[in-house]
Amino acid sequence: MKTLVTGATGFLGRRLVAELAPRHALRVLVRPRGGGAGGRGAFPEGVEVMAGDVADAASVRHAMAGCEAVVHAAALVKILAPAAEFDRINVGGLENVLAAARAEAGGAKVIYVSSFMALGPSEGGPGGVLDESAAPAGFGEGTGGGGRIWINSYERTKALADRKARRAIAAGQDVVVVYPGVIYGPGEMTEGNLVVRHVLDLLHRRLPALLGTPGRRWCHVFVDDVARGIGLALEHAPPGGRYVLGGENTALGDFYRLVEELSGVPVPRRRLPDGLATTIGAVQKAWARLRGTTPALTPDLVEVYRHDWAYSSARAAAEMGYTFRPLREGLAATLAWLQETGQWRR
Amino acid sequence: MHLLLTGVGGFVGSRLARLLLAHGERVSGTFFEEVPRVPGVTLYEADLLDAAAMAAAVRAAAPDAVVHLAGLSHVGESWTRMAEYFRVNVLGTENLLAAAAGRRVVVASSAEVYGVVPESEQPIGEQQRLDPRTPYALTKAAAERLALGRGAVVARCFNLVGPGQSTRFALPAFAAQLAAIARGEREAVLRVGNLSARRDFVHVDDGAEAYRLLAERGRPGEIYNLASGRAFSLAEALDRLIAIAAIAATAASAASAGGGVPARVEIDPERVRSVDLPLLAGDATRLRTLGWEARRGLDEALADLWTEASGAAAAPGDAERVPA
C-alpha cells in the first residue's frame with residue numbers, strides 16, 4: 001500500500017520505516033536541513049523522501065498526494081520547549097494530516113500514533129490499569145485549578161490531539177488510533193527514548209539515587225513491538241479502531257532490579273525524595289532555559305514518575321494478533337545493542 | 001516529462017526543480033545525508049559513491065531522463081581537496097551513468113575544461129581542444145569522456161550566476177559584502193580577488209531552461225556549450241553590481257540617512273586564485289538550434305543577486321510553498 005510516514009527520523013519512526021518498507025511503498029515527510037535526517041543512516045532503498053513539515057499544511061497535502069494511507073508518527077517529544085510549539089506540532093500536525101487524508105480521492109486511511117499519556121495516569125483505573133476506553137479530562141498546565149492538571153505540554157497536547165482524532169472517527173473518517181506504552185529499545189537516542197537514556201545513566205553510575213516510587217507500574221514496550229503493532233493496524237485494523245500497543249506492566253522497582261541483574265551494574269539503593277527531586281528539577285530547568293540545553297530532570301518529569309502508567313493491550317491482541325516480548329528479553333536486547341554500539345562497556 | 005535530478009538541492013538543481021514544477025512536470029531527486037529544501041520534489045537518499053544505492057534510486061524513481069548536477073564545483077577548493085573532487089566528480093559520475101544505463105542522461109560539465117584559449121579563437125566552440133588546468137577541470141574533462149562514451153548529453157556550462165549561488169563564488173560574495181555595507185554592518189570597503197578575468201555569465205534560470213531542453217531534445221553523445229557568447233570582466237560586473245545596489249539603496253532610503261552603498265574596492269591577496277584563465281566566452285550556436293536563448297542578461301542576474309543578498313526577497317526555496 002502506498003503509505004506516507006511522518007516522524008520517520010524519530011526514535012520510533014526509524015524502526016517503523018524499517019518494519020513497513022518491505023511490504024509497502026513508503027514515502028516519508030522529513031524536515032529539510034537541520035530537520036533531523038542528518039546522515040544518521042540512510043532510509044531503506046526505494047523510500048521516497050519529501051521535504052516538508054507536519055506543521056505546514058501545504059507540504060503535508062503535497063506529500064499525501066497519491067497515498068492510500070498515512071502513518072502519523074511525528075510529534076514534539078521534548079523535555080523543554082515552548083508550550084505553543086507543542087500545540088503547533090502535536091495538535092496542528094494531526095489536524096493537517098487529517099485534512100490532507102480527507103482531501104485524497106476516496107480518502108486515505110490514517111493511522112495516528114498517539115501515546116499512553118493521552119489516556120492519562122492509570123492509578124484510578126480498575127486494578128490500576130487502563131485501556132482504550134479511558135478519556136482523561138484535564139486543564140491548565142503546571143498550576144492551579146481543581147480536578148487533574150496536565151502534567152506538561154506533551155500530555156496536554158497529546159490528549160487534545162486524541163480528542164481531535166476521536167472526533168474525526170465520530171464524523172466518519174477512516175482513522176485508527178494506536179497508543180504505544182512507554183517505548184524503549186535500540187535506536188535514535190532522542191528525548192523520546194527517555195527510558196534508555198535513563199538506563200545509560202544508571203549503567204554509567206551517574207545517578208546517586210533512584211527516581212520515582214518503586215511500586216509505581218509502567219507499561220514498558222519494546223520499540224520493535226510497537227512498530228510491528230502499527231504495521232498490524234495499517235494492514236488489519238477497521239476504521240475507528242483504537243488500540244493500546246503496550247508491553248509488560250512492571251513496577252519501577254522491578255524494572256531497576258532487572259537492569260541490575262542483566263547488566264551486573266548495581267543500581268542505587270537510595271531513592272530521591274519527590275520533594276527534593278522537584279527542587280533539583282526546578283533548578284535544572286531554570287539553568288537549562290538560560291543555557292539553551294536539555295535538563296536531565298524537571299519538576300514535571302518528577303511528576304511523571306509519581307504516577308502509574310499501566311495499560312492493557314488486550315484489545316490489540318484479540319483483534320489484530322498483537323504480541324509483545326517480555327521486558328527481560330527487550331532489556332537484554334537493548335543492553336546488547338548499547339554494547340555493540342560502544343555506548344556502554346560491560 | 002519526469003526528470004530525476006542529482007544535486008537537486010544545489011544552486012542549479014533547485015532552480016531547475018522549481019522551473020519544472022512550475023511547468024507541471026514531475027520531479028525526483030537524489031540527496032545524501034541532508035534533506036534539501038526542495039518542496040514538491042520526490043527525493044531518494046543515495047550517495048553518489050554508492051553504486052548500488054544510486055541504481056536503486058534510479059530504479060525506484062523510474063524517470064524519463066536524468067540530469068546529473070551533483071558534484072563538487074569550486075575550482076580553488078579542488079587544489080586542496082583533490083582526492084575528493086576526483087572521487088565525487090569522476091567516480092560518482094560513472095556510478096550515476098551505470099545506474100541510469102538505458103535512459104536519457106544529461107551530464108553537467110564546465111567551460112573550465114577548455115583552459116587557456118587564445119582570444120582569436122573565442123567565443124569557444126565545442127570542437128575546441130581541451131586544456132584542463134585545474135583539478136576541477138580535470139575531473140570534469142574525465143567525467144565528460146565517460147558520459148559521452150555512454151551516449152549521454154554533455155552540457156559545458158560557462159559561468160552560471162544568480163540567486164541561490166554560494167557566496168564562495170565571486171559575484172554572490174560581492175553582493176553579500178555590499179548588502180552588509182548597506183546595512184551598516186561593515187566599513188565601506190569591498191575585498192576582492194583578481195578582477196581582470198573575463199567570463200561568460202549566464203543567468204541560472206536560463207541555464208535551467210537549457211537543461212530542460214537538453215533533457216528533452218539533446219542529441220545523445222553530443223556536447224553543448226551553455227553560454228551567452230559575451231564576456232564581462234569581474235571588474236565590469238562589480239561596477240554594475242555597485243550601480244544596481246546604489247540605485248536600490250537610493251530608492252529605498254530617501255528617508256533614512258546612510259547615503260547609499262558606494263564602496264572602495266580593495267584587492268585581497270587571499271581571494272586571488274592560483275590559476276586564472278584570462279578569458280572564457282562560449283559559442284552556444286549548437287544549443288540555440290534546439291530553441292534556446294539567453295533571455296536574461298548579466299544585469300538581471302546581478303539585480304537578482306542583490307535582491308537576495310539585501311534581503312528584499314526571501315532566499316530562494318526558503319519560504320516557498322509547494323504548488324498544491
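Me: What makes residues of chain B count as being in contact with chain A, and how many residues are in contact?
Reply: Two residues are in contact if their C-beta atoms, placed from the backbone, lie within 7 Å. By that rule, 18 residues of chain B are in contact with 20 residues of chain A. Strand 3 (42–45) and helix 2 (51–61) of chain B each supply at least two residues of the side that touches chain A, and strand 3 of chain B gives the most, with 4 residues. Before we go on, please keep in mind that this is a predicted model, where local features need pLDDT of at least 70, side-chain atom pairs count only at pLDDT 80 or more, and totals for chains, interfaces and linings use all residues. Residues are numbered from 1 along each chain as its sequence is written, while chains are lettered from A and ligands numbered from 1 in the order in which they are written.

Me: What makes a residue nonpolar, polar or charged, and how many of each are on the side of chain B that touches chain A?
Reply: Ala, Val, Leu, Ile, Met, Phe, Trp, Tyr, Cys and Pro count as nonpolar, Asp, Glu, Lys and Arg as charged, and the others, Gly among them, as polar. Sorted this way, that side of chain B has 11 nonpolar, 2 polar and 5 charged residues.

Me: Why are helix 3 and helix 4 of chain A called roughly parallel?
Reply: Two packed helices are described by the angle between their axes and the distance between the axes. Axes are lines fitted to C-alpha atoms, for helices over the stretch in contact, and angles run from 0 to 180 degrees between N-to-C directions. Angles under 35 degrees count as roughly parallel, over 145 as roughly antiparallel, 65 to 115 as roughly perpendicular and the rest as oblique. The axes of helix 3 (residues 83–103) and helix 4 (residues 153–170) of chain A cross at roughly 20 degrees and come within 9 Å. These two helices are therefore roughly parallel to each other. Among the residues that meet are A:Phe86 and A:Leu94 in helix 3 of chain A, and A:Tyr154 and A:Leu160 in helix 4 of chain A. The residues of this contact divide into 10 nonpolar, 3 polar and 4 charged.

Me: Why is helix 2 of chain A called oblique to helix 3 of chain A?
Reply: Helix 2 (residues 57–64) and helix 3 of chain A pack at an angle of about 40 degrees, with their axes 9 Å apart. That makes helix 2 of chain A oblique to helix 3 of chain A. The helix 2 residues of this contact are A:Ala57, A:Val60, A:Arg61 and A:Met64. By class, the contact has 8 nonpolar, 1 polar and 1 charged residues.

Me: What is the handedness of the crossing of helix 2 and helix 3 of chain A?
Reply: A crossing is left-handed if the near helix is turned anticlockwise from the far one by less than a right angle, and right-handed if clockwise. The crossing of helix 2 and helix 3 of chain A is right-handed. Helix 3 of chain A also passes helix 4 of chain A in a right-handed crossing.

Me: What makes strand 7 and strand 10 of chain A edge strands?
Reply: Strand 7 (182–184) and strand 10 (248–251) of chain A each pair on one side only. They belong to an open sheet of 3 strands with the order 7-8-10 and mixed pairing. Strand 8 (residues 217–222) and strand 10 of chain A pair in the antiparallel sense over 4 bridges, and A:Thr250 is the bridge partner of A:Trp218.

Me: How do you know that the radius of gyration of chain A agrees with a compact globule?
Reply: The radius of gyration is taken over C-alpha atoms, and the globule rule is 2.2 Å times the number of residues to the power 0.38. With 346 residues, a compact globule would have a value near 20 Å, and chain A has 19 Å, which agrees.

Definitions and conventions. Pairing = 2+ DSSP bridges.
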